[in-house]
Amino acid sequence: MRALTLALTASLLVASHSAVAQSQLSIATGGTGGTYYPYGGGLAELIKKHVDGYDAVAEVTGASVENMGLVWRGDSDLALALADTVHQGATGTGDFEGRKLENIRAIASIYPNAVQIVTMADSDIDSLDDLEGKVVSVGAPGSGTELNARAILEANGISYDDFDPRRLNFNETADALRDGDIDAGFWSVGPPTSSILNLATTSDVRLIGLSDEEVAKAREDEPVFALYELKAGLYEGMEEAVQTLGVPNVLIASSEMDEELAYQITKTLFEQTDELIAIHPAANDTTVEFSVNSTPIAFHPGALRYYEEVGAEVQDKQRP
């Protein structure tokens, strides 16, 4: 009888362990050539290691705009998205006009993206105006890159009618530049990003900076934009710093996520950051201070609990 009892107990433990192992979270990221995918993969590893009872996997997606829909519909548990996309989705404005995603909540702002405009070194493109009449990749459909590219261009009087737009993801944009199929391409991603790093090691490329006037016009139209400097030496052959614009990236979840789970994810994110930095240097900016200063929408109650626990100054708009 004792042996039978032990056997039943062991069976129940195995069944219990299996049930726990099946609690898998999906993290919507972006293309493999950007920062979202490796960062999301790193976050998945942190969750597996530090959040009891949960496994996680990073999913390749079309990035920001698509990711908002995935969380809204419950197809993904967590997602990365640009702050302007997050704000538009949560308020039903811009690309989300008339379809407010009321269940979107923030876990944290994790690092800033930088808009990076790349051309070949021997190109005659030196400014936004020079893109007119050219073939230009504006980013994958439904991505934050395209949202940022269009906002910057339109704020400076340039529309898609003024050039030949191609909607390519990061790797496709790098390949098209290398092959001469396009003249320039936009990236909105945490620097340095693998697709530009790889391109710069095999081809001579140049980054196009934004003038003070172009920055001012873009920021007037889109307040989420912030001045950002791409440092010299960021990519091979890049001898001087380049002025551009940055946008915070936000880790989002549904308001329906369990409060304790959201708390544990937030706590893990900020208290195990060194493990993320080892995967991608963008995580150097993953701090509580950056998060409360940059997040444009309400935090999930579980995340808010962590911020208040560590004494962070949360803004009124960040409270549910």
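# Reading a predicted model, feature by feature

Visitor: What are the mean pLDDT of the chain and the share of residues that reach 70 or more?

Guide: The chain has a mean pLDDT of 92, and 93% of its residues reach 70 or more. Here pLDDT is the predictor's confidence in each residue, from 0 to 100. Over residues 1-21 the pLDDT is below 50, and beyond near neighbours in sequence this stretch has 2 contacts in the model, a contact being heavy atoms within 4.5 Å. Because this is a predicted model, local features need pLDDT of at least 70 and side-chain atom pairs count only at pLDDT 80 or more, while totals for chains, interfaces and linings use all residues. Residues are numbered from 1 along each chain as its sequence is written, and side-chain values use heavy atoms, with hydrogens and water left out.

Visitor: Thanks! How many salt bridges does a search of the whole structure find?

Guide: The general idea is a distance test: a side-chain nitrogen of Lys or Arg within 4 Å of a carboxyl oxygen of Asp or Glu. By that test the whole structure has 15 salt bridges. In one of them, Glu275 and Lys49 meet through their side chains at 3.6 Å, N to O. Glu275 sits in helix H10 (residues 273-277) and Lys49 in helix H2 (residues 36-50), so this pair ties together parts that are 226 residues apart in sequence. Helices (H or I, at least four residues) and strands (E, at least two) are DSSP runs, numbered from the N terminus.

Visitor: Are Glu275 and Lys49 buried or exposed?

Guide: The scale is relative accessible area: buried is under 20%, exposed is over 50%, and partly exposed is in between, with a 1.4 Å probe and protein chains only. Glu275 is partly exposed at 28%, and Lys49 is exposed at 57%.

Visitor: Which residue forms a salt bridge with Glu146?

Guide: That is Arg167, with the closest N and O atoms 2.9 Å apart. Glu146 belongs to helix H5 (residues 144-155), and Arg167 to the loop between strand E6 (164-166) and helix H6 (170-179), so the pair links parts that are 21 residues apart in sequence. Glu146 is buried, at 7% relative accessibility, while Arg167 is partly exposed at 40%. Glu146 and Arg167 also belong to a network of salt bridges with Asp95 and Arg150.

Visitor: Let's turn to strands. Which residues of E7 are on one side and which on the other?

Guide: In a regular strand the side chains alternate between the two faces of the sheet. In E7, Ala184, Phe186 and Ser188 are on one side and Gly185, Trp187 and Val189 on the other, and all are buried, which leaves both faces covered.

Visitor: Which strands pair with E7 in the antiparallel sense and which run parallel?

Guide: Two strands pair if DSSP finds at least two bridges between them. Strand E4 (residues 104-120) pairs with E7 in the antiparallel sense over 6 bridges, and Val115 has Ser188 as its bridge partner. Strand E5 (residues 135-137) runs parallel to E7, joined by 2 bridges, with Ser137 opposite Gly185.

Visitor: At what angle do H4 and H5 pack?

Guide: Two packed helices are described by the angle between their axes and the distance between the axes. Axes are lines fitted to C-alpha atoms, for helices over the stretch in contact, and angles run from 0 to 180 degrees between N-to-C directions. Helix H4 (residues 83-91) and H5 pack at about 95 degrees, with their axes 9 Å apart. That makes H4 roughly perpendicular to H5; under 35 degrees counts as roughly parallel, over 145 as roughly antiparallel, 65 to 115 as roughly perpendicular and the rest as oblique. The contact is made by Asp84, Thr85 and Gln88 of H4 and Gly144, Leu147 and Asn148 of H5.
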